[in-house]
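The report below works through one protein model, moving from a single residue to the sheet and then to the helices. Please keep the sequence and the structure in view while reading.

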Amino acid sequence: MSIAHWSTTDTPIGPFTAVVASDGAVLASGWTADLDKLTPQISRSLVPGELREKRDLGAVSAAVRRYHGGELDAIDDIPVRQRSGEFLQHAWDVLRTVPAGKPVTYSEYAELAGRPAAIRAAASACARNSAALFVPCHRVLRIGGALGGFRWGVEAKRWLLDHESPELR
């Protein structure tokens with residue numbers, strides 16, 4: 001039976017909860033204090049047998065605090081584990097290469113992922129991303145700069161983009 005740990009950290013946007021496998025990989029995360037909003041996002045093949053609350057998740061908790069404090073690259077080396085089809089797996093990896101302060105459109109994201117015509121599939125990768133922040137789906141915008149959707153709210157997405165904006169730093 002696998003055991004994963006979870007913890008909630010206060011951030012300027014609100015509570016941020018992460019579910020982390022025993023090896024330190026993030027299985028799910030987002031701006032909520034409700035664990036039940038995160039666990040359904042974990043791939044069935046990765047669902048832990050037991051979830052235990054832990055006050056601090058070590059490197060993951062430190063990265064969350066450092067990122068929200070202005071150290072935007074603090075999240076870059078945190079391992080993430082998500083499972084799906086080949087394109088989504090690749091698209092999530094590609095999304096981790098989009099730099100803070102340089103958001104892309106859904107069509108640019110599809111192109112970066114190697115399938116320029118797969119704009120809806122790229123949008124689906126954002127929608128199905130279970131590891132928000134560490135896989136920064138908030139860095140993908142609609143053509144023309146409209147925010148588009150975000151599981152954790154458009155206000156949270158706006159805060160994140162403003163936080164990462166070079167003009168505001």
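Does S61 count as buried or exposed, and at what relative accessibility? The model is a predicted one, and in it S61 has a relative accessibility of 3%, so this residue counts as buried, the cut-off being under 20%. S61 belongs to helix α1, and once its neighbours within four places in sequence are set aside, the residues in contact with S61 are S7, T9 and D56.

**The sheet and helix α1**

Helix α1, which spans residues 59–68, packs on a sheet and touches β1, β2 (14–21) and β3, with a direction that makes about 20 degrees with that of β1. The sheet itself is open and is formed by 4 strands in the order β3-β2-β1-β4, with mixed pairing. The edges are taken by β3 (26–30) and β4 (50–53), each of which has a single partner strand, so one side of each is left without a neighbour in the sheet. On average, and with direction ignored, neighbouring strands here are turned by 20 degrees against each other.

Two of the pairings can be described in detail. Strand β1, residues 3–11, pairs with β4 in the parallel sense over 4 bridges, and in this region A4 stands opposite L51 of β4. Strands β2 and β3, by contrast, run antiparallel and are joined by 4 bridges, with V26 in β3 as the bridge partner of V20. These two strands form a hairpin that has 4 residues between them, and G24 in the turn has a positive phi of about 95 degrees. Although β3 stands at an edge of the sheet, 5 of its 5 residues are buried, so this strand is largely enclosed by the rest of the structure.

| α4 | A122, A125 and C126 | α2, α3 and β6 |

Helix α4 buries A122, A125 and C126. These residues cover an arc of only 100 degrees around the axis, which puts them on the same side of α4.

**How α2 meets α4**

How do α2 and α4 cross, and within what distance do their axes come? The two axes come within 9 Å and cross at roughly 75 degrees, which makes α2 roughly perpendicular to α4. On the α2 side the contact is made by F87, L88, A91, W92 and L95, and on the α4 side by A121, A122, S124, A125 and C126. By type, the residues of this contact divide into 9 nonpolar, 1 polar and no charged.

**Two further residues**

L133 is located in the loop between α4 and β6, and its relative accessibility is 0%, so it counts as buried. Most residues other than glycine have a negative phi, whereas L133, which is not a glycine, has a positive phi of about 80 degrees.

E167 is found in the segment after α5, a helix that covers residues 154–164. With a relative accessibility of 68%, E167 counts as exposed. The C-alpha atom of E167 is separated by 23 Å from that of Y109, and these two residues are 58 residues apart along the chain.

Methods
Residues are numbered from 1 along each chain as its sequence is written. This is a predicted model: local features need pLDDT of at least 70, side-chain atom pairs count only at pLDDT 80 or more; totals for chains, interfaces and linings use all residues. Side-chain values use heavy atoms; hydrogens and water are left out. Axes are lines fitted to C-alpha atoms, for helices over the stretch in contact, and angles run from 0 to 180 degrees between N-to-C directions. Angles under 35 degrees count as roughly parallel, over 145 as roughly antiparallel, 65 to 115 as roughly perpendicular and the rest as oblique. Contact means heavy atoms within 4.5 Å. Ala, Val, Leu, Ile, Met, Phe, Trp, Tyr, Cys and Pro count as nonpolar, Asp, Glu, Lys and Arg as charged, and the others, Gly among them, as polar. Two strands pair if DSSP finds at least two bridges between them. Buried means under 20% relative accessible area, exposed over 50%, partly exposed in between (1.4 Å probe, protein chains only). The arc is that of the directions from the helix axis to the C-beta atoms.
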